[in-house]
Amino acid sequence: MLKNSTDGPHSSVAPKNIVSERNRRKKLNDRLYALRAVVPNITKMDKASIIKDAISYIQELQEQEKILGDEITQLESMASKKNKSLCELDQAAAEMTMLSTVSKKKRTDKQQLLSNNSGGSSLLPSPVQVIELRVSHVGGKTAVVSITCRKQRDTIVKLCETFESLKLKVITANITAFSETLLKTVFVEAEKKEINGLKTTIESAIAALKFPDSSISL
């Protein structure tokens, strides 16, 4: 007696395989539908076209990513150069400020020296170093100016130039030389008001010898 081929342990294998294959195809179709939903340009609805269009879309996204990356790199480079330029400008501004400060300090020091000299403080050693300056009214319109200074090169010449620049009415003048000093005595004719300010005028003229570019009114 022959047995039925459908009987036995293998009789249920075929239906199970059919169900598994059906589930696999359903999952594959679901994935394809999901892929079709996110790909903007689908040319055809068959599986091969969907996969091909998805590949093209991914390649397009990769190209756009590369372009954006290059643009970001370029922008970062430009920003770096701009920051470097700003740093250089800040450094240049700081240097200019420092130079301006130094220049102002030099002018202030120079004006202070001139002010000190006009006030009777000790003068700088070049070209005329004054030890003592006296102006005495001896009567009428006559005054005697006595300048004691250190003996240096060109001191006598500079003293003569100073009195010539003041255009004073010199009555008589003489210079006495000692071992380390010189004494210049000058008798001048001037009004009493001029005599009162004569010492300051002479001090300013001597200060102008040190700073010839200074604007001192004599």
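Analyst: The answer starts with the overall layout, goes on to the core, and then turns to the charged residues and the backbone.

This is a predicted model, so local features are taken only at pLDDT of at least 70 and side-chain atom pairs only at pLDDT 80 or more, while totals for chains, interfaces and linings use all residues. Residue numbers start from 1 along each chain as its sequence is written, and side-chain values use heavy atoms, with hydrogens and water left out.

The protein has 5 helices and 4 strands, where helices (H or I, at least four residues) and strands (E, at least two) are DSSP runs numbered from the N terminus. Their order along the sequence is α-α-β-β-α-β-β-α-α. Of its 218 residues, 19% are buried; buried means under 20% relative accessible area, exposed means over 50%, and partly exposed lies in between (1.4 Å probe, protein chains only). The exposed surface comes to about 16300 Å², of which carbon and sulfur atoms supply 56%. These areas come from the Shrake-Rupley method with a 1.4 Å probe, and for residues only the protein chains shown count as cover. Among contacts (heavy atoms within 4.5 Å) between residues at least 6 apart in sequence, 51% join residues at least 24 apart.

A nonpolar core is a set of buried Ala, Val, Leu, Ile, Met, Phe, Trp, Tyr and Cys residues joined through side-chain atoms within 4.5 Å. The largest such core holds 19 residues, and those with the most contacts inside it are Val128, Val130, Leu133, Val145, Ile147, Phe163 and Ile202. Two or more of its residues come from each of strand S1 (130-139), strand S2 (142-150), helix H3 (155-166), strand S4 (181-189) and helix H5 (198-210). Leaving aside residues up to four places away in sequence, Phe163 touches Val145, Ile147, Leu168, Lys184, Val186 and Ile202.

Lys184 sits in strand S4 and counts as buried because its relative accessible area is 7%. Lys184 and Ile156, 28 residues apart in sequence, have C-alpha atoms 8.6 Å apart.

Cys149, by contrast, counts as buried, since its value is 0%. With a disulfide taken as a pair of cysteine sulfur atoms within 2.5 Å, the count is 0.

Which buried residue has no salt bridge, with its nearest side chain of opposite charge 6.3 Å away? That residue is Asp53, and the side chain in question is Lys52; Lys and Arg count as positive and Asp and Glu as negative, with His and the chain ends not counted. Asp53 belongs to helix H2 (residues 47-118). Beyond residues up to four places away in sequence, Asp53 touches Val39, Asn41, Ile42, Thr43 and Lys44.

Side chains of opposite charge can pair when their charged atoms come close. A salt bridge here is a side-chain nitrogen of Lys or Arg within 4 Å of a carboxyl oxygen of Asp or Glu, and the whole structure has 8. In helix H3, Lys158 and Glu161 form one at 3.7 Å, N to O; they are 3 residues apart, about one helical turn. Lys158 is partly exposed at 25%, and so is Glu161 at 37%. Elsewhere, salt bridges with shared partners join Glu21, Arg24 and Arg25 into one network.

Two further pairs lie within helices. Asp30 and Lys26 form a salt bridge at 3.4 Å, N to O, and are 4 residues apart in helix H1 (residues 13-38), about one helical turn. Asp30 is partly exposed at 33%, while Lys26 is exposed at 52%. Lys66 pairs with Asp70, their closest N and O atoms being 3.4 Å apart; both are in helix H2, 4 residues apart, about one turn. Asp70 is partly exposed at 43%.

Most residues other than glycine have a negative phi. Asp154, in the loop between S2 and H3, has a positive phi near 70° and is partly exposed at 37%. Lys167, in the loop between H3 and strand S3 (169-177), has a positive phi near 55° and is exposed at 71%.
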